[in-house]
Amino acid sequence: MRLGSIINGQERNEHNRETLEVKNPYNQEIVAELALATEADLNEAVENAFETFHSTMKMMPAHQRSDILRKAADLLEEKPEDFIDTIVREAGKPIKYSRDEINRSVQVLRFASELAKNITGEVLPMDAAIGGENRLGLVKRIPLGVVGAITPFNFPLNLSLHKIAPAIAAGNTIVFKPAEKTPVSGYKLVKLFQEAGLPDGALNLLMGTGEVGASLVTHEKVHKISFTGSLAVGKKIRETAGFKKVTLELGSNSPNIIFDDGDIQTAVTRLVTGAFSFSGQVCIHAQRIFVQKNVYQPFLEQFIKETRALKIGDPMEEATDIGPMITEKEAERAKLWIDDAVKNGAKIEVGGDRKGNILSPTIMTDVDRNMKIIAEEVFAPIVSVIPFDTEEEVIGYANDSIYGLQAGVFTQDIDRAIRVADQLEIGGVWINDISTYRQDNIPYGGVKQSGVGREGIKYAIEEMTELKFIGIKLK
């Protein structure tokens, strides 16, 4: 399969272009060959999106935008198999998790369809100010223009839709640069929107590497950048975006706290999923697990037992829990972090083995705050289990991070739950569930170096619109 950029509805895959192979992380089979975008393609894509915004999208009625999003949801729900197969093959994501991603993506489209018809402003009481009598004040939300959407490999459909769907709902146009490791889902998504009736030029696709994304960030006719990816790239975007609005969803080393009155079995079962689903390649992966000392040993024993039961293998098989990491280079990097921690006193309770792209689920103990597996985002099937004594102590441990995206807290004491949640320097806290859980309608985003802005369709629409005031002097 040879795929190219799509600009104004036309594919650019001429044979004189530079190419890049997309490979299946599990067996290294070639999934697709990309015909890469040029700087001229990028400029044309942005110019076309800019023109389409002014000629079509910003004047498109809300009901029509809603209908397009609903039709896209229907099409995806009716024929999910092709997208499921694509995600498994290009991302190496086990099929059961790929299926979950499709189900969530349908929900995202339905949320966006509903909210497209409910973008509201307000009427201001102008007579609240002296001299404001006989005046009417209106505040409207209006679309920004061209949104640059730059997406990661780990949720190639769902995270793309978290940018594209609210942009369409708000009346913007999009220039979309998917991850070069997983671009086929993005290509098929653009085709899906074409079938759903989205006008040509409203969603332009650029196939390329990080250089294309960098040029998109600095283009003067792009009004907003929505990016999910690494902290290093996020910092660069913040530095170079100028006066553009930006939403940055970056890294994390999410803490999960189990108090002695928490449901230990539920915590174990949920955290096995939170630590190891999609080989830990999830921004809100349960990386740090803090367990109160008097339940630490029973928790650890059961956690090890259930981790050992995970099935490693072909992501196309229904029973597979653990498949490959996205590249062997990433698996090697994660293994080096494990080895470095062991050299500095940490203990491997289970796992720690690597075979090609596959790193076995790994539980570490006897860790300290300076180890990479604690201090940085591990983005791999590695979790550290750490004992604590008091509530005050564990809050300090959890907050001892440059990140603050999501956390999980297990306790039956509602007062403690709210008290701890309020003190955690975190964008989102789940009580009696794991940091890795995300619902697609919540305000999702972090504090500190975990990012800027919020996703979740309602909140993304707010980020992709601006307020306009209209004042009327009455007779």
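Two strands count as paired if DSSP finds at least two bridges between them.

Before moving on, note that this is a predicted model, where local features need pLDDT of at least 70 and side-chain atom pairs count only at pLDDT 80 or more, while totals for chains, interfaces and linings use all residues. Residues are numbered from 1 along each chain as its sequence is written, and side-chain values use heavy atoms, leaving out hydrogens and water.

Click on E122 and look across to V139 in β6, which stands opposite. Now bring in the whole open sheet, in the order β5-β6-β22 with antiparallel pairing. β5 (122–124) and β22 (465–473) are the edges, each with a single partner strand, so one side of each has no neighbour in the sheet.

Stay here and select V123, which is found in β5. V123 is exposed, with a relative accessible area of 55%; exposed means over 50%, buried under 20%, and partly exposed in between, using a 1.4 Å probe and protein chains only. Together with L136, I470, I472 and L474, V123 forms a nonpolar patch on the surface, with about 370 Å² of accessible area. Areas come from the Shrake-Rupley method with a 1.4 Å probe.

**Second stop: the seven-stranded sheet**

Next, show the open sheet β14-β17-β18-β13-β12-β19-β20, whose pairing is mixed. Its edge strands are β14 (347–350) and β20 (428–431), each pairing on one side only. Find β17 (residues 362–365) and β18 (residues 382–388): they run parallel, joined by three bridges. Within this pair, I363 stands opposite V383.

**Last stop: two loop residues**

Select S279, in the loop between α9 and β13. S279 is buried at 1% relative accessible area, and its phi is positive, near 50°, in a residue other than glycine. Finish at K448, in the loop between β20 and β21 (451–452). K448 also has a positive phi, about 50°, without being a glycine, and counts as partly exposed at 35%.

Definitions and conventions
Helix = DSSP H or I, 4+ residues; strand = E, 2+ residues; numbered from the N terminus. Patch = residues over 30% accessible without salt bridge, like charges linked within 9 Å, V, L, I, M, F, W, Y side chains within 5 Å. Salt bridge = Lys/Arg side-chain N within 4 Å of Asp/Glu carboxyl O.
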